[in-house]
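Please look through the sequence and the model below, and then read the report that follows.

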Amino acid sequence: MGAALLDAARRPTHVLAAQRAYPTELRGLWEFPGGKQEPGESALDALVRECREELDLRIRLLDEVTPPAPDGWPLAGTAVMRVFTAVVDNGGSLGSAVPDPVGAPTDQDEPTSQDVHAGPGTPVFPSGDHLEVRWLPLADPAQILGLPWIPADLPIVAALLEMLRTE
């Protein structure tokens with residue numbers, strides 16, 4: 001599971017990317033924060049937990065980045081991954097297992113009281129899982145695509161950029 005963390009649910013301008021610290025063969029490559037499910041845990045709860053553990057952030061899930069297959073984005077072998085857009089959530093719970101659609105109508109263009117307007121001015125500190133985390137400007141897709149992404153993640157990045165461009 002991965003989280004394409006956006007600076008705002010409506011009209012996002014930045015997305016967060018994280019640079020892997022390990023394993024050795026992936027060190028220095030970029031990805032979306034996230035991780036694996038634990039036994040008895042739902043996939044969405046796992047993603048919320050992983051972002052809390054990796055980045056000390058509470059998140060609210062939004063839309064899934066539509067995969068090419070119903071079970072997710074293909075990784076090595078038979079493994080698959082699902083990626084959701086998300087925003088930082090300063091509400092009382094540690095995220096929501098029910099995604100809210102990106103661009104869903106609200107009465108405001110600004111973040112709601114449930115959103116922290118996280119972005120390039122908001123420091124996010126990596127845990128031991130990542131060497132660096134960085135807010136990337138969505139207005140510069142070439143900069144985003146120019147990072148050395150984990151190869152299996154690059155199609156997901158392209159799909160996210162297309163998804164956000166068309167909303």
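His130 is found in strand E8, which covers residues 130-137; strands (E, at least two residues) and helices (H or I, at least four residues) are DSSP runs numbered from the N terminus. This is a predicted model, in which local features need pLDDT of at least 70 and side-chain atom pairs count only at pLDDT 80 or more, whereas totals for chains, interfaces and linings use all residues. Residues are numbered from 1 along each chain as its sequence is written, and side-chain values use heavy atoms, with hydrogens and water left out.

His130 counts as buried because its relative accessible area is 4%, where buried means under 20%, exposed over 50% and partly exposed in between, using a 1.4 Å probe and protein chains only. Leaving aside neighbours within four places in sequence, His130 is in contact (heavy atoms within 4.5 Å) with Ala18, Gln19, Arg20, Ala21, Glu31 and Glu54. With one of these, Glu31, the side chain of His130 makes a side-chain polar contact of 2.8 Å; a polar contact is a pair of N or O atoms within 3.5 Å, and within protein one must be able to donate a hydrogen and the other to accept it, while residues adjacent in sequence count only if both atoms are side-chain atoms.

## Glu50 in helix H1

Glu50 is found in helix H1, and this residue counts as buried because its relative accessibility is 12%. The side chains of Glu50 and Arg49 are joined by a polar contact of 3.2 Å.

Glu50 and Pro33 lie 17 residues apart in sequence, and their C-alpha atoms are 7.6 Å apart in space. When neighbours within four places in sequence are set aside, Glu50 is in contact with Gly34, Gly35, Lys36 and Leu55.

## The protein as a whole

The secondary structure comes to three helices and eight strands, and, read along the sequence, these follow the pattern β-β-β-α-β-β-β-β-β-α-α. Of the 167 residues in the protein, 46% are buried.

Among contacts between residues at least 6 apart in sequence, 66% join residues that are at least 24 apart. The protein exposes about 8,400 Å², of which carbon and sulfur atoms supply 55%; accessible areas come from the Shrake-Rupley method with a 1.4 Å probe, and for residues only the protein chains shown count as cover.
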